[in-house]
Amino acid sequence: MATSTQQKENTLLHLFAGGCGGTVGAIFTCPLEVIKTRLQSSRLALQTVYYPQVHLGTISGAGMVRPTSVTPGLLQVLKSILEKEGPKSLFRGLGPNLVGVAPSRAVYFACYSKAKEQFNGIFAPNSNIVHIFSAGSAAFITNTLMNPIWMVKTRMQLERKVRGCQQMNTLQCARHVYQTEGVRGFYRGLTASYAGISETIICFAIYESLKKCLKEAPLASSTNGTEKKSASFFGLMIAAAVSKGCASCIAYPHEVIRTRLREEGTKYKSFIQTARLVLREEGYLAFYRGLLAQLIRQIPNTAIVLSTYELIVYLLGDHAQ
């Protein structure tokens with residue numbers, strides 16, 4: 001009985017720590033997420049650049065001017081938001097993000113734990129295939145339940161501030177989606193989120209492999225006490241950042257497609273149709289718009305989430321003892 005109670009308390013502690021870590025990470029990295037979402041959008045204002053084109057047949061040798069469009073970079077989008085909309089716009093969508101982070105973590109870890117129990121009875125216990133299937137199942141359920149919140153967040157991040165007009169808050173945005181698109185509107189981009197499960201699986205597979213390598217490393221066995229805990233902590237932080245970075249690079253196109261599907265009143269209707277349309281109209285590089293902002297965001301976000309999580313577990317764990 002005591003063991004069962006202790007397990008429940010331990011689970012609640014980790015869920016609370018994970019939710020706190022995710023919340024702190026969401027607050028600090030929100031500006032980068034807003035920039036990333038703007039870069040992914042089809043409504044991004046492309047800059048017109050004029051390149052000189054020399055015609056050798058002309059006597060004077062004067063060049064003709066050829067206009068072309070280029071995608072603004074991360075710093076250019078940041079500057080534009082600050083100049084035209086103000087610093088507060090860098091935190092658009094933070095409300096639904098904070099509302100969704102803690103429950104999404106709770107749902108994910110609960111589903112992952114339950115799925116792991118089931119798959120351990122089918123495959124070799126605690127094997128890589130058990131971790132992969134458990135992570136995939138948990139991500140599927142979490143994405144299905146949390147999609148309405150992430151949909152509202154994306155809409156708010158895409159909304160540009162117009163002088164004289166008040167921007168919508170979370171409830172107003174949700175009401176607008178329901179009035180204009182109905183309940184189905186909250187599930188736009190869900191197919192792209194399902195495709196993004198591959199990112200979770202890739203991340204988890206790489207992370208588990210790196211964690212195994214860290215445990216077998218000579219440094220882990222040679223150090224003792226505080227040094228060992230410190231090395232292990234930073235090792236896991238680096239492993240998480242590397243695995244998430246690799247997974248983001250591989251599976252990133254689904255995020256661009258998901259953002260396009262969540263835009264209001266656009267020509268994008270389904271996952272395959274959106275992928276074909278983006279490829280035909282904008283080329284392969286359009287699938288990687290905002291990738292730099294995503295990678296820059298993931299590294300500090302992973303560090304903040306992990307450090308907050310570990311700190312809370314350490315403090316509350318010691319206090320409970």
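Residues are numbered from 1 along each chain as its sequence is written. In this predicted model local features need pLDDT of at least 70 and side-chain atom pairs count only at pLDDT 80 or more, while totals for chains, interfaces and linings use all residues, and side-chain values use heavy atoms, with hydrogens and water left out.

**Exercise 1. Salt bridges**

Task: State how many salt bridges the structure holds, and describe the bridge of Lys-36 with Glu-255.

Solution. 
- Step 1. A salt bridge is a side-chain nitrogen of Lys or Arg within 4 Å of a carboxyl oxygen of Asp or Glu. The structure holds 12 of them.
- Step 2. In the bridge between Lys-36 and Glu-255, the closest N and O atoms are 3.0 Å apart. Lys-36 lies in helix H1 (residues 2-40) and Glu-255 in helix H10, 219 residues apart, and the pair links distant parts of the chain. Helices are DSSP runs (H or I, at least four residues), numbered from the N terminus.
- Step 3. Burial is read from relative accessible area: buried is under 20%, exposed over 50%, partly exposed in between (1.4 Å probe, protein chains only). Lys-36 has 5% relative accessibility and so counts as buried; Glu-255, with a relative accessible area of 5%, is buried.

**Exercise 2. Aromatic pairs**

Task: Classify the ring pair Phe-140 and Tyr-194.

Solution. 
- Step 1. Rings of Phe, Tyr and Trp (its six-membered ring) pair if their centres lie within 6.5 Å; planes under 30 degrees apart count as stacked, over 60 as edge-to-face and the rest as tilted. The count comes to five aromatic pairs.
- Step 2. Phe-140 is partly exposed, with a relative accessible area of 41%, and Tyr-194 counts as partly exposed at 25% relative accessibility.
- Step 3. The ring centres of Phe-140 and Tyr-194 are 4.6 Å apart and the planes stand at 15°, so the pair is stacked.
- Step 4. Because Phe-140 lies in helix H4 and Tyr-194 in helix H6 (residues 190-195), the pair ties together parts 54 residues apart in sequence.

**Exercise 3. H4 against H7**

Task: Which residues of H4 meet which residues of H7?

Solution. 
- Step 1. Contact means heavy atoms within 4.5 Å. Asn-128, His-131, Ile-132, Ala-135, Gly-136, Ala-139, Phe-140 and Asn-143 in H4 meet Ile-197, Thr-200, Ile-201, Phe-204, Ala-205 and Glu-208 in H7.
- Step 2. By class, this contact has eight nonpolar, five polar and one charged residues (Ala, Val, Leu, Ile, Met, Phe, Trp, Tyr, Cys and Pro count as nonpolar, Asp, Glu, Lys and Arg as charged, and the others, Gly among them, as polar).

How values were computed:
Helix = DSSP H or I, 4+ residues; strand = E, 2+ residues; numbered from the N terminus.
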